[in-house]
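This report looks at how two protein chains meet in one structure. Please view the model first, then read on.

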2 protein chains.
Amino acid sequence: MEKKSYHHKNLKNDLIEKGIELVDEYGINRLSLRKVAQACNVSHAAPYSHFSSKEQLLQEMQLYITNQFAMILEDTVSKYQNMPNFLNEFGKAYISFFMKRPQYFSFLFHQGNIQIDLDINGNKKSNYRPFTIYKEQILKLLANSDMSQSKKEDLVIALFAYVHGLTALTTMKNVHYSHKWEDKLDDLIKSFSCEF
Amino acid sequence: MEKKSYHHKNLKNDLIEKGIELVDEYGINRLSLRKVAQACNVSHAAPYSHFSSKEQLLQEMQLYITNQFAMILEDTVSKYQNMPNFLNEFGKAYISFFMKRPQYFSFLFHQGNIQIDLDINGNKKSNYRPFTIYKEQILKLLANSDMSQSKKEDLVIALFAYVHGLTALTTMKNVHYSHKWEDKLDDLIKSFSCEF
DNA sequence: AGACGTATCTTGACAATGTAAAGATTGGAG
DNA sequence: CTCCAATCTTTACATTGTCAAGATACGTCT
């Protein structure tokens, strides 16, 4: 046991990261503030120096995950940006992220903290960059299309809903599927055939 | 205050129904076993005569909701069964159910208790009849198709994932959308164009 | 350098919660 | 009518989120 100094120095960030690790391992349901504090070798009330409530910590954890996720998606964008299979690769990247960390999905989407602005040119507050990126990329693909704005908006929502729904399925615990998702994702994503 | 008899007589069912009411009103996060017991005018440990744990009660509540939902969907099936817009109406019925009761969605799908068998002729245990119904209906529509079994399976999953994803969007708290879902659902569902 | 204020952390406490054990009540079988 | 077993209550305990009061130490100002 290392003798810990009174001041932890980087506790706020540590709480966020250790909290995320615990969610990754055990899921949000078994996460307690006190366990996160304990994982940081800190007393149970220490988090209150940095977060006003458990809810607040959870939100920051979600933001942290969301931003990491956005960076991965941006890598995917720059890699496949101008290739014909871009949308498929992007969709696979989206789903793969959550398949690797199934606990993240319910953590992000069932606390009610994720904000999304579905409007095509919306400027409402939105903290879920992965959707924003998705929206931008689709609109870029549709830049030269003569599709109406309304139809473009519908398509953005439809494509995202589809990928999001597939992600929900692939990350559910008690879903029985005799194939490996990895082998089927390509075909499944292509099943959504839309006119471009 | 009515003098309550020692024996409640129908407590098990009452706990399930009152529990569902509380979820409907406040969401799963604010639900406690003790509040459900209190809503039934019963001591806090009384539920343990009928359920081995809170988790068990939650599961039975989910089953209860799921079965009611299945009945609604079956009504929709018998009403639109042979009409050309059947799939659209079915999808709308699916989404509408959760739009009326937004709290049900996260309650059902983020506890990890919902079992789904995606296999086209699967016989694995599955407690989510709405999906089973969906699968059956789609396969019935494809009965005379020369599509391969594998493709049919993909299509079932794809269609369900899409409707499920749309439902997730429509029931999310912090989603900003300047249209009314009711006005857009038809177009959105049709956005998923697949070859039949 | 030394004192001080403030941010950070600890300790102790409380209410709400899930759950187990033991006792009370009652309906129904014999 | 008696007695058992199912049903409900009471009591108790560990875990949890949160708050208040106190301890510690870092940076700043003189």
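The two copies meet through the same surface, because 100% of the interface residues of chain A are also interface residues in chain B. Contact here means heavy atoms within 4.5 Å. Chain A puts 44 residues into the contact, and chain B puts in 44 residues.

This is a predicted model: local features need pLDDT of at least 70 and side-chain atom pairs count only at pLDDT 80 or more, while totals for chains, interfaces and linings use all residues. Residues are numbered from 1 along each chain as its sequence is written, chains are lettered from A and ligands numbered from 1 in the order in which they are written, and side-chain values use heavy atoms, with hydrogens and water left out.

**Symmetry**

Two copies of a chain are related by a rotation about an axis and a shift along it.

**Chain fold**

Chain A has eight helices and two strands. These are DSSP runs numbered from the N terminus: helices are H or I with at least four residues, strands are E with at least two. The order along the sequence is α-α-α-α-α-β-α-α-β-α. The C-alpha trace of chain A spans about 65 × 45 × 30 Å along its principal axes.

**Interface**

Between them, chain A and chain B bury about 3700 Å², with 60% of it on carbon and sulfur atoms. Buried area is the accessible area (1.4 Å probe) that two parts lose on being put together, summed over both. A:His110, A:Asn174 and A:His176 supply 17% of the area that chain A buries against chain B, more than any other three residues.

Polar links cross the interface too. There are 19 residue pairs in polar contact between chain A and chain B, both residues at pLDDT 80 or more. A polar contact is a pair of N or O atoms within 3.5 Å; within protein, one must be able to donate a hydrogen and the other to accept it, and residues adjacent in sequence count only if both atoms are side-chain atoms. Helix 7 of chain A gives the most to the side of chain A that touches chain B, with 13 residues.

Strand 1 of chain A and strand 2 (residues 175-176) of chain B run parallel, joined by two bridges. Pairing requires at least two bridges found by DSSP between two strands. A:Ile116 has B:Val175 as its bridge partner in strand 2 of chain B.

**Salt bridges**

Over all chains, the structure holds twelve salt bridges. The term means a side-chain nitrogen of Lys or Arg within 4 Å of a carboxyl oxygen of Asp or Glu. Between chain A and chain B the count is two. Two examples follow.

| Salt bridge | N to O distance |
|---|---|
| B:Lys184 and A:Asp154 | 3.3 Å |
| A:Asp186 and A:Lys92 | 3.0 Å |

A:Asp186 lies in helix 8 of chain A and A:Lys92 in helix 4 (residues 86-100) of chain A, so the pair ties together parts that are 94 residues apart in sequence.
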